[in-house]
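I open the notebook on a new model today.

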Amino acid sequence: MAAMQEVRCRPPAGGEVVAVAAAASGGKRRGAALSIDGAEPPEKWIERLIGENPVVIFSRRGCCMCHVMKRLLATVGVHPTVIELDEAEEAAAAASAAVGLPALFIGGSPVGGLEGLMRLHLSGLLVPRLQEVGAFCG
C-alpha cells in the first residue's frame with residue numbers, strides 16, 4: 001500500500017493551531033516537515049496548505065467515503081496530504097470553507113468530495129490532472 005502523509009490538527013488551550021504530521025514509508029513512520037505559524041489564522045493556514053501541496057484531502061476518521069478516496073489515489077500512485085479533522089474541527093472547516101467532508105483539492109483547486117474524484121477518474125482526466133500538478137513521487 002502506498003504511503004500517505006497524515007496531519008492531525010488540534011487546537012491547544014491557547015487557541016493556536018498545532019499539527020502533527022507523519023509519513024509512512026515501508027512500514028516505518030517518520031516525521032514530515034510542516035510549517036505552522038501559531039499567529040497565522042486557520043483560514044490562511046488552510047489556504048497555504050492547499051497551495052503548497054499538490055493533493056490535499058480533508059477527511060474524518062472512520063468515514064468510508066474518505067477511505068475510498070484515499071485508496072483510489074493510492075492505487076494510481078499518489079501520496080496525498082491528509083488532514084483528519086475531529087467533529088469540532090469539521091464544523092469549523094465547513095463554516096469557513098462551505099464544504100463537506102471528504103474534500104479534495106488538486107493543484108490548489110477544489111475537486112469536491114468522492115463524487116468529484118470519481119467523475120475525474122471515470123472520465124480519464126484524473127491521472128493527467130495529477131501529472132499536471134506534479135503529484136506523482138519519483
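**Entry 1: helix α2**

I note that the model is predicted.

Next I check the length of α2. It has 12 residues, 64–75. At 1.5 Å a residue the helix should span 16 Å, and I find its end C-alpha atoms 16 Å apart, so the two agree.

Which residues of α2 are buried? I list Cys66, Met69, Lys70, Leu72, Leu73 and Ala74. Four strands come up: β4 (55–59), β5 (81–84), β6 (103–106) and β7 (109–112). Helices α4 (114–122) and α5 (126–132) come up too.

**Entry 2: Leu117**

I move to Leu117, which lies in helix α4. Is Leu117 buried or exposed? Its relative accessibility is 0%, so I log Leu117 as buried.

I set aside its neighbours within four places in sequence and look up the contacts of Leu117. They are Met69, Leu72, Leu73, Leu104, Val111 and Leu126. Met69, Leu72 and Leu73 are also among the buried residues of α2. I also take the distance from Leu117 to Ile106: 9.9 Å, C-alpha to C-alpha, for 11 residues in sequence.

**Entry 3: salt bridges**

Side chains of opposite charge can pair when their charged atoms come close. How many salt bridges are there? I get a count of five. I write up three of them here.

Glu52 and Arg48 meet in a salt bridge at 3.5 Å, N to O. Both sit in helix α1 (residues 42–52), four residues apart, about one turn of the helix. Glu52 has a relative accessible area of 49%, so I log Glu52 as partly exposed. Arg48, at 22%, is also partly exposed.

Glu132 bridges to Arg129, with the closest N and O atoms 2.8 Å apart. This pair lies in helix α5, three residues apart. An α-helix has 3.6 residues a turn, so residues three or four places apart point the same way. I find Glu132 exposed at 63%, and Arg129 partly exposed at 22%.

Glu84 forms a salt bridge with Arg61, closest N to O 3.1 Å. This pair links distant parts of the chain: Glu84 is in strand β5, Arg61 in the loop between β4 and α2, 23 residues apart. Glu84 is buried at 8%, whereas Arg61 is exposed at 56%. Finally, I note that salt bridges with shared partners join Arg61, Lys70 and Glu84 into one network.

Methods: Residues numbered from 1 in each chain as written. Predicted model: local features only at pLDDT ≥ 70, side-chain atom pairs only at ≥ 80, totals over all residues. Heavy atoms only, no water. Helix = DSSP H or I, 4+ residues; strand = E, 2+ residues; numbered from the N terminus. Expected span 1.5 Å × (residues − 1). Buried < 20%, exposed > 50% of the residue type's maximum accessible area, 1.4 Å probe, protein only. Contact = heavy atoms within 4.5 Å. Salt bridge = Lys/Arg side-chain N within 4 Å of Asp/Glu carboxyl O.
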